Structures are given as C-alpha cells and as structure tokens.
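Dear colleague,

I am handing over the structure we spoke about, and below it you will find what came out of going through it. Please read the notes with the coordinates open beside them.

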Amino acid sequence: MILLWLLFIPAVGGVLAWAAGARHPDWPRWIALFVLIIDLLVALPLLSTATSSTIISSSVISPGQTAWIASFDRPWIPQLGISFELNLDGLSLVLILLTIVLGLASVIISWTEIRDRVGLFHANLLWSVTGVIGVFLALDLFLFFFFWELMLVPMYFLIALWGHEHRFYAAIKFFIFTQGSGLLMLVAILVLVFIHQHETGHFTFDYLALLGTKMSPTTAFWLMLGFFIAFAVKLPAVPFHTWLPDAHTEAPTAGSVLLAGILLKTGAYGLIRFVVPLFPDAAHAFAPVAMALGVIGILYAALLAFGQNDMKRLVAYSSVSHMGFVLLGVFAWNTLALQGVVMQMLAHGISTGALFILVGALQERIHTRDMRLMGGLWGTIPRLSAFGMMFAIASLGLPGLGNFIGEFLILLGSFHVSVPFTIIAATGLVAGAAYALLLVQRAFHGNAMPQPNAAKLIDLTAPHLAVMAVLALTIIGLGLYPQPVLDEVAPGLAVLQQDGAPSAGVSQQFVEETR
Amino acid sequence: MTAAAFVAFAPFTLLGVVTIAVMLLIAIHRSHRLTALSTIIGLAFCCIALPLAAPSTPTQVTPLFIVDGTVLFYSGLVLGSALVVAVLSYVYLDGQARGPREEYYLLLLMATLGAAVLPASIHFASFFLGLETLSISLLGLIAYVSPRDYPAEAATKYLILGGAASAFLLFGMALIYIDLGTMSFAQIGVLARAGTQLDLYRLVGVAMILTGIGFKLSLVPFHMWTPDIYEGAPAPITGFIAVVSKIAVFAVILRYFILAGGQADTALRTGLAGIAILSMLGGNLLALLQNNLKRLLAYSSIAHFGYLLVAFLAAGSLGVQAAAFYLAAYAVANLGAFGIIALLNTSGAGRDTDRIEDYRGLFRTRPFLAGSLALMLLSLAGMPPTMGFIGKFYLVVAGVGAGLFWPVAALVLGSVIGLYYYLRVLVAMAMPVPDEQTCAPTAVSPLIGNALIAILLFLLLVFGTYPAPAIALIRMTIGSTP
C-alpha cells in the first residue's frame with residue numbers, strides 16, 4: 001500500500017499544483033515542495049526496514065529467496081492477465097530516493113527561472129516524477145510499459161514549453177526516439193508473453209512468472225535486442241545518443257536535471273532489471289557487443305564533450321560518456337561491476353544534476369552558455385565557481401567523491417570479464433579529466449571577459465546554495481563511505497544476478513572469447 | 001416476425017419512428033431549438049433501448065438482419081456517436097443564422113438510421129440499402145451548412161466518388177450472386193467453403209466489394225477523396241463521417257468476412273495486409289505535409305483504419321475484441337477533436353477554425369479546450385493515460401498473437417511517424433499568441449459544448465487508466481458471438 005502512496009502523492013500533487021497556478025504563481029512551487037517532501041518522508045522509512053530485516057553480509061541468496069522490501073498487487077485488466085503489481089527492492093529504493101531528491105532540487109532552482117505558466121510547469125514536473133517512480137516500481141511488464149510511456153509526455157511538455165531557442169525540435173526528437181524504441185520493446189514484451197502462454201497456458205505480464213521462460217536462442221536474441229534498444233536509447237548508448245545533447249541543451253534547467261539525473265537511470269535500471277534476467281543467455285552472448293558500445297560511448301562522447309563551446313552541451317556529452325561506464329558495468333554482470341553501476345548512477349545523477357543547475361544559474365546571470373564569452377568568473381561569482389569546480393572534478397572521477405567509487409568498481413568488475421575493454425575504458429578517465437578541467441579553465445579561471453552587466457552579477461542565492469550544499473555533501477558522503485548504499489542494494493542485486501546467471505556453457509565460452 | 005424479433009429490433013424501429021416524428025414536427029412548427037432537442041432526446045432513447053433489447057438476442061429478424069451482441073455494441077457506438085454529433089451540431093448551428101436549419105437534423109437522423117442498421121446486416125440487400133441511406137443523407141449534410149464559400153464542392157466530390165464506390169460494390173455483389181445464387185452472407189460462406197476452386201466471378205466480385213469498401217473506409221489506394229471532404233464539410237459532420245460512417249462500414253465488413261469465410265482465403269488476406277501496410281504508412285506520411293487540422297485528421301484516420309485492419313487480419317476472438325476497443329477509443333478521440341474544432345468555430349470566417357496556425361496560443365486563450373484537444377490527439381497517437389494507448393496495445397497484442405510480422409512492423413513505424421504531426425499541433429497550441437487582439441478571450445464557448453467535451457475527456461481518461469469494465473463489456477457483447 002505504501003508503494004501506491006509513493007505514486008499517488010506526486011500524481012495528485014501535480015493536479016493540485018496546476019489548479020493552484022491560476023490563483024497565485026507561488027502556490028504551485030510550495031505545493032510541489034510540500035508534496036515531494038511528503039513523498040520523501042514516505043520513502044525514507046523503507047530504508048530502515050530494509051537494512052534491519054535483511055541479512056546484509058551475505059551476497060549469496062538461496063534459491064527462491066526474494067529481496068522485496070514492500071509489494072503491492074491488485075488485478076488491473078484481468079482479461080489480459082495484467083495486474084497492478086508494484087515491488088520495491090534496495091535498487092528501486094535508492095533510485096526512487098534519488099528521483100525525489102533531484103525533484104526537490106528542481107523545484108527549488110526553478111523558483112526564479114520559471115515565471116511563466118508556473119502551475120502547469122510544476123504539474124508536469126510532478127507527473128514526470130510520478131512516471132519515473134512508477135518505472136522503478138512496476139513489475140508487471142504492461143504496467144512498466146505504461147509508466148515508461150507516461151513519463152515521456154510531461155517531459156516533452158517541459159522541454160517544448162519552457163525550453164530554450166530550438167526547444168520544439170529537441171522536444172520532438174526526444175519524444176520520437178524514445179517512443180519509437182518503446183514500441184519495439186512493446187512488441188518484444190508481447191512476443192515473450194505469447195511464448196510464455198504457449199509454454200504454460202497462462203497469459204500473463206507478470207515479470208516474476210516470465211522469468212526463466214524457455215525459448216530458442218534465436219528468439220531470445222531478437223527479444224533481448226528489442227528490450228536492449230529501448231533501454232540503450234534512453235541510457236543513451238552510442239549510436240542511439242543523438243537525441244540527448246539536443247534535449248538536454250534546450251530543456252529548462254529543471255528539465256535537464258530530471259533528464260540527466262533520473263530519466264537516463266530508467267534505461268540503466270531496465271537493463272539490470274529486465275534485459276539480463278529475462279534473457280540471460282542471449283544477454284551474455286551479446287555482452288561483448290554491448291561492452292564495446294559502452295567503451296565506444298565513453299571515449300567518443302568524451303571527445304565530443306571536449307570540442308563543445310556550449311557549456312550545457314559539454315555537460316550533456318559528459319553524461320553520455322558516464323553512461324558508457326554503466327553499459328560496460330551492466331554487461332560485465334558481476335557483483336563488483338553491478339555495485340559500481342549503482343554507485344555510478346547515483347553519483348552521476350547528483351554531479352551532473354548539480355552541473356546543470358550551475359549552468360542554468362550562470363545562464364540566468366550572464367545570458368549565455370557559450371564558454372568563449374566566459375572566463376575569470378571566479379573573481380565575480382566565487383561561490384558559484386567553487387561549486388562548479390567541485391562538481392567538475394567529481395565528474396572527472398577524483399578519489400574521495402562518489403563518481404570515483406562508481407567508475408573504479410565498474411573497471412574492477414569488468415577487468416575480470418574482459419581486460420582489453422577495461423584498459424580502453426580506463427583511458428576514458430583521462431579524457432574525462434581533460435574536458436572537465438577545460439570547463440573549469442575556460443569558464444571560471446583565466447582572464448575576466450568583460451560582461452555587459454558585470455556590476456549586477458550576483459553570486460548564488462541562499463536557496464541555490466542550500467541545494468548545492470546538500471548535493472555536495474551527498475557526493476562526498478558517497479565517495480568517502482559508500483558501504484551503506486552498497487549494503488542497501490546488495491540483496492536485490494544478488495537476486496538479480498542469480499536470475500541473470502547464464503547457463504554454464506555460455507559464460508565459459510564468453511570469457512574465453514574475450515580473453 | 002416473432003415477438004422476440006420485434007423486441008430485439010425495437011431500437012432500430014424506434015430510430016425510424018423518431019425520424020418520422022422529427023419530420024412531422026418540422027412541418028408543424030419550425031424551431032431550431034425544438035428540432036435539435038427532439039433529435040437529441042430521440043437518439044438518447046434509442047441508446048437506452050439497446051440494453052433493453054439485449055435479453056432477446058441473438059435473434060434473426062427477417063432474412064435481412066440479425067440482432068446479437070456485436071450489433072448491440074456497434075450500433076450502440078454508432079448511436080452514441082450520433083448523439084454527440086447532434087449536440088455538437090446544435091452548438092455549431094446555433095451561431096449561424098443563415099437559412100433554415102431544421103432539415104439538417106432530419107438528414108442526420110436518416111444517416112444515423114442507415115449507419116445503425118449496417119452492423120445488423122447479414123444480406124447484400126440490407127448492406128447496400130443501409131450504406132446508401134447513409135451516403136445519400138451525408139451528401140445533403142456535407143453541403144447543408146458548409147463552412148466554405150463553395151458549399152457544393154465537397155458534396156459534389158463525395159457524390160461522384162462515393163457513387164463510383166457504390167457502383168463497384170453493387171457490381172461486386174452482382175457477380176457473387178451470379179456465381180453462388182444467394183445474397184445472404186451465411187449462405188455465401190457455406191457455398192464458398194463447399195466449392196473446391198476459386199471461381200473467376202467470385203474473385204472479381206470480392207475484389208470489387210473490397211474496392212467499394214476501401215473507398216468508404218478511405219484505405220490507401222482509395223483514399224483520395226478523404227482530405228477534401230473532411231476539409232469542406234462542417235466540423236460536426238466531419239466527425240460524423242470520420243466516426244459513425246466508418247464504424248458502421250467496418251462492422252458490416254467484419255461480419256461479412258467472418259460469415260462468408262473470407263478470412264480463410266490466403267490471397268485475400270495477403271491483399272488486405274498490403275492495403276493495411278500502405279494505409280498505415282501512406283496515411284501517416286501524407287499527414288506530415290498538412291497545415292490544416294481537418295486534413296491532418298483525415299490522413300490520420302486513413303492510418304487508423306490501416307491499424308484496424310491488423311486486428312481484422314488477426315481475426316479470432318482477440319482480434320475482434322481489439323478492433324472493438326480500438327474503434328471505441330477512435331470514436332471518443334475523434335469526436336472530441338472534431339467537437340473542439342466545432343466549438344472553436346467563429347461564424348462568418350468563411351471556413352472552420354482548422355488551420356494549424358489558428359491554434360497558436362490556444363493553451364493561453366482557451367486552456368480547457370486546448371488541454372482537451374491535446375489529450376485527444378495524444379490518444380490518437382497512442383500515448384498513456386488515454387484510451388488510445390490501451391487500444392493500440394490491444395491491436396499489437398492481436399497482431400503479435402496472430403504472427404502478423406509485417407503489419408505489426410508497419411504499425412510501429414506508422415505510430416512513430418504519426419507522433420510527429422500530432423505533436424506539431426500540440427506545439428502550435430503552446431506557442432505564443434501571434435497578435436494581441438486575438439489574445440483577448442474572444443468568445444466563451446457554450447456550456448453545453450464544454451460539458452460534452454468534458455464527458456468525452458472523462459471517458460478517454462477513465463478507460464485509459466482502468467479499461468477493465470470496457471473490455472468486460474466488449475467480451476460480454478461481442479465475445480458471445482463469432
């Protein structure tokens with residue numbers, strides 16, 4: 001029941017915010033803030049029940065044991081074997097917490113940026129948070145697809161209505177890419193369901209029932225590909241990444257934060273939760289290709305980031321590069337790599353979200369994102385610049401900050417699977433250092449560029465500072481003491497790993513091939 | 001006719017009585033409001049009569065008609081949609097003062113009568129009579145209060161092309177009659193299954209019937225008339241053409257192919273699959289080029305009937321249910337969209353408010369109508385949380401279940417293309433208002449119109465998030481009959 005509340009609160013909050021917008025422009029902001037805090041308060045207690053009730057130390061799970069912290073299951077469309085089935089494990093929980101925290105940050109930083117149709121803006125923001133939480137909770141494949149599509153619509157409006165210059169182009173591109181790949185996934189889901197029906201006589205969309213459905217390797221491969229493409233577009237993995245720089249660059253700050261911080265994570269989550277466990281053998285056979293795509297993504301996107309003059313585009317490409325690590329880690333599919341993937345998702349959500357907030361704040365002040373027109377900003381707005389540098393170096397993977405843990409664990413995990421890929425991916429860290437330091441160098445250091453309104457340039461205000469401080473503390477916390485998070489997700493990952501373990505022959509063959 | 005047959009056929013008899021009563025009423029006292037009111041009440045009574053007739057079904061009524069669950073569902077859809085069109089027409093015509101407006105409702109009732117009996121037809125005679133009653137009344141409706149300066153243009157096009165289509169249909173029926181000596185669907189099926197080889201007469205006959213139906217459902221390559229008629233007809237009538245007439249024709253052709261055994265014919269199935277793929281891709285691609293919302297919806301309806309053919313080809317109980325649900329979703333979304341176009345109409349403009357640039361800034365000037373239109377279009381695009389999403393999902397379930405690889409692939413591709421033009425309208429509505437003078441709240445749309453849109457919106461969202469009752473209803477009515 002508590003899971004239903006998690007969804008219900010922001011959904012209703014969105015309606016309230018929309019209605020309140022007609023009365024007073026500030027009411028939706030307070031409503032959104034209030035609603036998300038309530039949602040956070042609902043979600044936080046789940047954290048403690050998880051850690052107290054499950055055995056943390058053992059990552060070995062006996063067959064049949066589950067890691068669900070909370071469940072909810074009601075018939076929804078019984079005629080088609082669809083139920084409203086929500087399940088929460090540690091992995092879902094940490095991602096939902098990230099979602100709510102970044103949602104809160106988005107509301108606060110939009111306080112001054114969004115002055116137009118405030119009610120509708122916050123309604124869309126809350127609804128897209130609802131959709132994402134739904135994606136992290138749904139365990140019925142139809143329900144999952146429902147939320148997967150549902151989160152697109154408000155996001156589309158956020159970009160199309162409150163974005164920058166080329167917002168319509170970017171919004172439509174974003175929508176068509178994700179929707180098209182989503183329909184491929186729908187077809188794959190249905191084929192899987194029909195195969196399952198053929199085998200057992202049950203027509204059901206229940207994930208737990210569909211696990212372990214037997215099918216020929218060829219069929220499994222094509223179905224796996226259908227799911228993989230949908231998630232790879234969302235992640236995004238090269239070569240499906242082209243929507244992302246446009247969408248991120250044109251979105252309003254809150255939109256970029258939600259996109260980078262949360263929506264990209266749904267792709268990674270889908271890979272971990274669905275692609276590998278549902279089609280273990282096919283996924284493991286496909287792993288070399290997927291890992292290669294991940295490595296290419298890391299390097300290629302880093303190179304592109306290096307070449308950008310638009311600060312927001314640089315951050316957007318750095319996202320693609322970081323998600324390459326996630327892809328590498330997921331398909332390495334061992335405990336270390338998966339823990340790294342979770343850490344990378346959290347750290348990337350926070351650091352990239354923070355960078356987008358800072359770019360947005362800068363744009364609000366100097367009305368440009370072009371780094372050629374910046375320089376020497378440290379002198380005029382030191383607090384913003386200091387946080388900028390902090391999150392830039394977090395993003396390049398400096399030890400002591402969360403991203404380092406993520407990348408290090410992923411590389412450590414994938415080293416067991418494929419040495420060449422790991423070595424090439426590690427060079428991506430160097431490329432990451434290059435573009436992150438370049439950003440700091442060009443924007444904050446160097447000679448001060450004459451700003452037209454330099455006199456009026458004000459530093460970060462208290463609300464922004466508070467958001468930045470929380471995000472900075474979180475990323476330092478993740479970097480210095482990541483164990484609680486790893487413990488939280490361990491049972492869930494162990495179950496997933498067990499479901500996603502390939503039949504013996506396949507894994508052996510793969511390890512030999514890549515060696 | 002037995003007593004049970006009388007009861008079962010009562011909704012249709014009642015509709016005939018209402019038509020005559022309205023005609024007499026016009027002769028006695030001319031009043032737009034009174035005529036509209038009696039039409040609406042009459043249609044509402046017919047809708048109520050349908051579930052009352054349910055206990056005495058299935059019943060065959062003369063060799064021409066059968067009343068069973070399928071009929072109740074599709075005729076209900078037809079009558080309900082006609083009711084919505086009647087209300088919209090009242091709002092639409094109320095603002096226009098030129099000429100007598102009362103006979104419009106008479107034509108509307110006759111067209112509805114023709115459409116309502118089509119799903120019940122099991123004989124070529126009733127099939128053709130229903131279709132012609134529908135088409136000829138529509139002809140009058142299209143020209144009756146045309147929003148454009150040349151009212152006869154669209155009607156003439158419909159007359160000539162529709163006439164040609166009817167001729168094809170009639171000729172096809174005649175050829176089949178020559179071959180088999182019967183005009184009853186069921187007997188055609190029995191004889192066709194008994195015959196060993198495919199006769200040339202029958203082959204040509206079926207092809208000609210398909211051509212005629214292709215015109216009526218505006219499937220590629222018989223779609224040429226659609227955009228012009230949609231643009232030229234007044235918005236409520238465009239809604240009627242898009243929803244009522246197409247649903248009726250789809251229902252009768254579904255029955256014909258099930259009873260007459262066309263489903264088993266591989267050559268025919270391949271042809272239909274080809275038409276479906278062409279319609280899905282052609283309709284969506286051509287819609288990309290449109291700058292007029294009515295023309296855009298015309299091309300989108302071509303694509304939608306392409307999607308529906310996937311369910312048609314899938315056959316089986318799943319396909320039949322999917323088609324029924326999809327048609328219901330299609331009806332709600334299209335009636336909503338055309339209803340909003342009708343409500344936005346400003347009299348004396350020489351055309352409906354149908355260019356996409358007319359919709360700029362609508363979110364600001366008319367937030368309720370703009371929000372509703374956005375959801376209607378999202379439903380047509382198949383996005384949650386609307387009926388269109390569940391409908392499209394159902395179609396894909398049926399298509400994948402029947403292993404129709406290419407049609408399903410075309411459906412996916414078509415949907416992706418389709419998104420682009422639906423989103424274009426949404427984007428236009430979100431853009432800033434072009435000039436300040438139109439920014440002022442020009443007209444407040446009548447309460448009854450807004451209430452109607454609100455009801456459609458409610459259906460769209462409720463059955464989009466909780467479709468189980470709708471599916472249960474479809475299973476109850478259609479599931480019981482083949």
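At what angle do helix H4 (residues 102-117) of chain B and helix H10 (residues 235-259) of chain B pack, and how far apart are their axes? The angle is about 35°, and the axes of H4(B) and H10(B) are 7 Å apart. On the side of H4(B), the contact is made by Ala111(B), Thr112(B) and Ala115(B), while H10(B) contributes Phe240(B), Val244(B), Ser245(B) and Ala248(B). Sorted by class, this contact of H4(B) with H10(B) holds 5 nonpolar and 2 polar residues, and no charged ones. Please keep in mind throughout that this is a predicted model.

Turning to the chains themselves, chain A has 21 helices and 2 strands. Its radius of gyration is 22 Å, close to the 24 Å that the globule rule gives for 515 residues, so chain A is as compact as a globular protein of that length. Along the principal axes, the C-alpha atoms of chain A fill a box of roughly 70 × 55 × 45 Å. Of the 515 residues in chain A, 63% are buried, and among the contacts in this chain with a separation of 6 or more, 81% are between residues 24 or more positions apart.

Chain B, for its part, contains 20 helices and 2 strands. The box that the C-alpha atoms of chain B fill, taken along the principal axes, is roughly 75 × 55 × 40 Å. Buried residues account for 59% of the 482 residues in chain B, and residues 24 or more positions apart supply 81% of the contacts in chain B with a separation of 6 or more.

The residues that make the contact include Ala260(A), Gly261(A) and Lys265(A) of H11(A), together with Gly349(A), Gly353(A) and Phe356(A) of H14(A). By class, the residues of the contact of H11(A) with H14(A) divide into 9 nonpolar, 7 polar and 1 charged.

Where the two chains touch, the contact takes 23 residues from chain B and 23 residues from chain A. On the side of chain B, the elements that give two or more residues are helix H16 (387-401), helix H17 (405-430) and helix H20 (468-477), with H17(B) giving the most, namely 9 residues. The residues on this side of chain B divide into 20 nonpolar, 2 polar and 1 charged.

Two of those helices also pack on each other, for the axes of H16(B) and H17(B) come within 9 Å and cross at roughly 155°, which makes H16(B) roughly antiparallel to H17(B). Their contact is made by Lys392(B), Leu395(B), Val396(B), Gly399(B) and Val400(B) of H16(B) and by Pro407(B), Val408(B), Leu411(B) and Ser415(B) of H17(B). In terms of class, the contact of H16(B) with H17(B) has 6 nonpolar, 2 polar and 1 charged residues.

With best regards

Note on methods: Residues numbered from 1 in each chain as written. Chains lettered and ligands numbered in written order. Predicted model: local features only at pLDDT ≥ 70, side-chain atom pairs only at ≥ 80, totals over all residues. Helix = DSSP H or I, 4+ residues; strand = E, 2+ residues; numbered from the N terminus. Buried ≥ 20, exposed ≤ 12 C-beta atoms within 10 Å, placed from the backbone. Contact = placed C-beta atoms within 7 Å. Nonpolar A, V, L, I, M, F, W, Y, C, P; charged D, E, K, R; others polar. Axes fitted to C-alpha atoms, helices over the stretch in contact; angles between N-to-C directions. Rg over C-alpha atoms; globule rule 2.2 N^0.38 Å. Parallel < 35°, antiparallel > 145°, perpendicular 65-115°, else oblique.
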